[in-house]
Structures are given as C-alpha cells and as structure tokens.
Amino acid sequence: MKIAIVGAGVSGLSCALECERLGVVPDIYERDSSIGWIWPSVIFWPGVFTKEQAEIRNYLLNKFNIDVRPLSKTKSFIMKSANQEVKVEGKLGYFLARGKAENSFVKQMQKDIMRTRIQYNVPADYKELAKEYDYVVVSSGKVDEALDLGVWESLGTVYMMGGVALGNFDKTSSTVFFNTDYAGTGYARITPFNSYQAIVGIYTIGKEEYEVDKLFKKFLEMENLNHLDFIYKLTPPSFQLGRVRKFQVDNVFLAGRAAGLTERLLGVGGPEAIMSGVYAARSVIQGEDYTKLMKPLKKHVENVSAFRDIVNKFENKDFDRMLSVLGTPGVKQAIYNTNMNFVDAIGKVLKFFNK
Ligand SMILES: Cc1cc2nc3c(=O)[nH]c(=O)nc-3n(C[C@H](O)[C@H](O)[C@H](O)COP(=O)(O)OP(=O)(O)OC[C@H]3O[C@@H](n4cnc5c(N)ncnc54)[C@H](O)[C@@H]3O)c2cc1C
C-alpha cells in the first residue's frame, strides 16, 4: 500500500507514526528544509477544552500512542478585559513548544519515527500525489486543498502579530486579553517559553490586515507592555477560520487544520491534529470509516466554535460582563476545578440557538 502525507507537522507526523505501527511505511513531503514551524512559538492546550478526555496527555498516549512532552503545566490563567480581571488557578492544561528547537513537540515526535521517508524542500501537489499513491493524507496546516476540493466553508479570518519578548514571566501562567480596541473580537495573549521569554501576540478578528501593526502597538501601550524587549517579531500569514463539509474526497484524506479541526473561539487545534492524523492512518490501512472516526472531533470543534458566533457580536462591555460572570467563585470552581465538561455542554446548547 502506498501512502503519501503532505506536510510534516502535527497531524502528518502522527499519521506517519500510526502508519508505521500498522506496518506500512509512508512517504512524507515537507515544503520546508526541516521539521517545525519556521517561527518559534508556544501553544496552549487549555484543560477546559479537553475535559472529555479527562487528562489529555494520558489519553493521547493510551489511545493514540503519542507521547506529548510539554514545556510546562499551566497552573494559572489570567483573563483581562477593558475593566475586569479574573485569575483562575489549578490544573489548567499545558504549554507546548513549537518551532525548530529540540524541545518543540513535533521535533519530539520526529524522534519516534523509524522508517518513514521524509522528503524536504518539496512543496507537494496533492492532486499529483493522488495519481501516484493509493492514498494521500493532506496535513498541510492550510485550507488550500479543501478549498480546491470544494469542501471548505470559510467563517472568518484571523490576522496575527506578535513575537518573542524578553521580560519576567511566570512560566506556568498565561494571560489572555479581550479588548475590541486592538483585537476586535479576537484576543491577545502572553504565553511563556520560560521565566524570561514569552510569545506576546494579538490574534485579531474583524479587523483589516493593514491595521495589524498599529493594533499591536496599541495593545502593548494599553496593557502597559511597552517595556518588553522583542528579540523576534512575527506576522504569520493570515489564517482562515472555517470547517470542511467532507473529510475525505476519493483517495484524499484531510487531517488537522486542513480538515478545519481548529476551533474558532481561541484557535486551539493541537490535540485534534494528533487524533485526526492517527485516524487517517487507521482508515486507510485498516479500512475504518474516516467520517465516523472524525465525528466526535468535529462535534467538539463545533461546540467550542458555537461560542464564537456569540463573541463576534461582543463589545467591550460584553467582555467585561463575561469576565464578571466567569469570576464568580461558584462558576470558576465549576468550570475549572471539576470534571464537568462545561464547554461542550454549553456549546451544544448554543449551537442549537445559533441555528
Ligand atoms: C499562530 C497560531 C497559534 C496557534 N495556537 C494554538 C494553541 O495555543 N493551541 C493549540 O492547540 N493550537 C494552536 N494553533 C493551532 C495548531 O497549531 C494547529 O491546530 C496544528 O498545528 C495543526 O497541525 P497540522 O498538522 O494541521 O499543521 P501544522 O502543524 O501547521 O503542519 C503543517 C506542515 O505542512 C507543511 N506544508 C504545508 N503545505 C505543504 C505542501 N504543499 N507540501 C509539503 N508540505 C507542506 C508545513 O510546512 C508544515 O510543516 C495555533 C495556530 C497558529 C497558526
């Protein structure tokens, strides 16, 4: 059986690992010269989004054979709006490194790959590969292939600007800022690499691309962060929010962000990228129904994204109100420190009303 994987990112490497375990050696085509995002970054896996799996690392290890080693555990989470601030403490998730450094979690995954052939510097064309291979798994982290296949539904655009800042940070704490003056209905975030470096960035929604530089400066000014010294600034290409109508078209399987599996509220999609990569391998090799396997992932992404439809109408006073509710001791305790899966439960209801 010949399997081609487009992209050696989170979902592509997960797919390759599972293919190897199931006895098939795939070919990966990677457009870059090595593994890992070209920009250094830290991503956050919020525990509140992964309640269904209880403890996400154990879940990924036991059910998907993927051992994710994070940078650190998230022990506190601060949310700020124009006039409110809420701090939550507990077991709140993980920070994971992205980029080309050895501690990046895709680099860790690469070490577990035994026989897969990774061809670097090859911007692959999935259509050409589909003629040559029995199956193609598109794990490019882009929406281009889904658009080309006519299965992508676009639901907004995010423009990001940020960088690696030097300063004093708590490496177990992240701060998220909601303020329509600089982020629209998106947000800004400080996510730590360690106690002296953090990714500081804005993820704007409802703003224009040409404004991003100005909005980033405004964010630093308004949040008193002008003292930060940036050693690296980045403006990744804009990314589209959306979903796919189908996860598979003939012998082409979409996984990770290419399959629309990044939720549209905060942009979390790491766990889903891993799971979908493994599912793609199981489907092509063991004949499991991909659409059926992907259903719970899609459901979860849509549940979280249902909050986006509400937040898209928010003004600063609504973000203030949201935080004052989230800051109520009972609500805080229930959402963050119990096993109840509030995000999916409320999202399910919102989905119904949004319709
Ligand atoms: C700025 C930003 C911040 C994020 N923050 C978070 C977060 O805090 N928490 C979280 O869970 N998720 C976050 N995400 C989402 C998360 O990173 C993605 O869900 C996850 O990386 C998706 O994995 P993937 O395998 O689909 O794509 P990626 O991991 O991006 O991998 C895609 C790979 O495909 C390669 N490629 C692309 N096109 C081609 C081609 N034609 N031929 C060959 N190779 C190709 C790329 O070079 C890359 O190596 C963030 C995303 C972005 C962009």
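A nonpolar core is a set of buried Ala, Val, Leu, Ile, Met, Phe, Trp, Tyr and Cys residues joined through C-beta atoms within 7 Å. Here a residue is buried if 20 or more other C-beta atoms lie within 10 Å of its own, exposed if 12 or fewer, and partly exposed in between, with C-beta atoms placed from the backbone. The model is predicted, so local features need pLDDT of at least 70 and side-chain atom pairs count only at pLDDT 80 or more, while totals for chains, interfaces and linings use all residues. Residues are numbered from 1 along each chain as its sequence is written.

The largest nonpolar core has 77 residues, and those with the most contacts inside it are Val136, Val137, Val138 and Phe253. Helix α8 (residues 270-286) supplies the largest share of this core, 8 residues; helices (H or I, at least four residues) and strands (E, at least two) are DSSP runs, numbered from the N terminus. Because domain 1 (3-72 + 94-154 + 239-309) and domain 2 (161-234) both give residues to this core, it lies between them. These domain bounds come from an automatic or database domain assignment. Another core, of 16 residues, lies apart from it and includes Met79, Val176, Tyr182 and Phe219.
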